[in-house]
Amino acid sequence: NWTGRLRYAPLLNIAILLASVVTFGLAVSYANASIRTPMENQAEVFMRPRPTNSKIIVYSTFMPFFTILQSGLDLSLHFLISRHPIYSLAISSVYFIGWLVQWSIWMHCEISGIGFDNAGKGETCWQVNLDHRKYSMVPMRSSEGVVNGRVGLGAVVIALYVAYFAMALLAVLRNRRGGGKGMKIGTSEMR
């Protein structure tokens with residue numbers, strides 16, 4: 001199934017797992033700071049109310065959490081059973097899309113909001129309404145390292161999934177051409 005140098009492709013899950021664990025830690029830190037930071041005066045009409053604590057946690061940790069589960073399971077399957085690269089192709093494409101959506105939301109609401117005009121963002125991003133003038137533990141100001149680290153590692157995970165997808169695609173194509181071990185496409189002979 002995974003032949004030649006491509007047999008090491010599933011080990012990209014180790015890098016994905018490590019990056020996701022660190023991203024998860026940063027996401028928990030961000031969620032904790034966001035929950036503890038009060039909102040500005042919500043008398044203005046355009047302000048979006050603070051989401052519940054559980055929604056903040058899900059917003060911050062959704063993709064890192066499920067990626068930790070998936071990459072751990074994928075590593076276990078790699079060492080326990082032989083699986084076809086089509087599995088990795090499907091999983092990497094789904095997680096790539098999930099991470100791209102999560103990363104885009106983080107970029108829109110957190111990175112592009114630091115030091116820029118936030119006009120109009122109050123309707124979609126509750127973070128711009130945090131009261132950063134009075135409190136020191138505000139994600140968008142004093143914890144920029146946490147935000148930048150999380151978004152940066154999210155981009156690394158996206159790149160790792162692209163590499164994993166490409167290697168799985170090469171393995172699938174190699175198997176279709178008959179370069180892999182096992183049954184050749186279009187025949188009933190077992191090798």
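This note sets out points on the helices of a predicted model and their packing.

1. Basis. The model is predicted, with local features requiring pLDDT of at least 70 and side-chain atom pairs pLDDT 80 or more, while totals for chains, interfaces and linings use all residues. Residues are numbered from 1 along each chain as its sequence is written, and side-chain values use heavy atoms, with hydrogens and water left out.

2. Overall content. The protein has four helices and zero strands (DSSP runs, H or I of at least four residues for helices and E of at least two for strands, numbered from the N terminus). Of its 191 residues, 39% count as buried (under 20% relative accessible area, 1.4 Å probe, protein chains only).

3. Helix H4. Residues 144-176 form H4, which has 33 residues and spans 48 Å from first to last C-alpha, close to the expected 48 Å (1.5 Å times one less than the number of residues). Gly-178, with a positive phi near 95°, follows H4.

4. H2 against H3. Helices H2 (residues 53-80) and H3 (residues 85-111) pack at about 160°, with axes 10 Å apart (lines fitted to C-alpha atoms over the stretch in contact, angles running from 0 to 180 degrees between N-to-C directions). H2 is therefore roughly antiparallel to H3 (an angle over 145 degrees).

Conventions:
Parallel < 35°, antiparallel > 145°, perpendicular 65-115°, else oblique. Buried < 20%, exposed > 50% of the residue type's maximum accessible area, 1.4 Å probe, protein only.
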